[in-house]
Amino acid sequence: MRKLLCQICGGPSDRTGEGTLWLVGEDVDGPELWKPGYVTTHPPVCVPCAVTSVRVCPHLRERYVALRVRTFVPAGVHGALYRPGGAFPVAYDADGVTFESWRLGWVLAAQLIMEFHEFTVVDLEAEHATYLKRVEAQETACGDRR
């Protein structure tokens, strides 16, 4: 997440002037997507992996929203929460914790939480078509240099 690598293949996520591509498993009409400061623990994606994911992932087949996120910030971590328990801390829950929270010292972080500030809902099929044109143009340019 910190390096904005694709959550599927580990390569670079798709980044354009419109922002970084993210897939979220939300309903486009759902109110949780439109709340200020939408957060996710899922890293961004590249276009080929996004297209494959919505086809093969059972959760994303039901619903997903493709976003181009222009501004975002790391907002916290998600992981196992601990509390004092005698000689050693005791795990009691799993949750997200903001960097400002007093609980930050009591979490064993597993995932970074990213908070979106500016983003646009995009059509994944249109993004895929644009991606294919970009790749074709790059291949043509490379062929012309040889």
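Me: As what does Val121 count by its relative accessibility?

Reply: This is a predicted model, in which local features need pLDDT of at least 70, side-chain atom pairs count only at pLDDT 80 or more, and totals for chains, interfaces and linings use all residues. Residues are numbered from 1 along each chain as its sequence is written, and side-chain values use heavy atoms, without hydrogens or water. Val121 is in strand β6 (residues 107-122), strands being DSSP runs of E with at least two residues and helices runs of H or I with at least four. Buried means under 20% relative accessible area and exposed over 50%, with a 1.4 Å probe and protein chains only; because its value is 32%, Val121 counts as partly exposed.

Me: How far apart in sequence are the parts tied together by Arg68 and Asp14?

Reply: A salt bridge places a side-chain nitrogen of Lys or Arg within 4 Å of a carboxyl oxygen of Asp or Glu. Arg68 and Asp14 form one, with their closest N and O atoms 2.5 Å apart, and both are buried. Arg68 lies in strand β4 (residues 65-83) and Asp14 in the segment before β1 (15-16), so the parts they tie together are separated by 54 residues.

Me: In which helix does the Glu127 that pairs with Arg68 lie?

Reply: The side chains of Arg68 and Glu127 meet in a salt bridge at 2.5 Å, N to O, and both residues are buried. The pair joins parts 59 residues apart in sequence, because Arg68 belongs to strand β4 and Glu127 to helix α3 (residues 124-145).

Me: Which residues do salt bridges with shared partners join into one network?

Reply: The count comes to four salt bridges, one of them between Asp95 and Arg103 at 3.5 Å. Bridges that share partners link Asp14, Arg68, Glu127 and Arg134.
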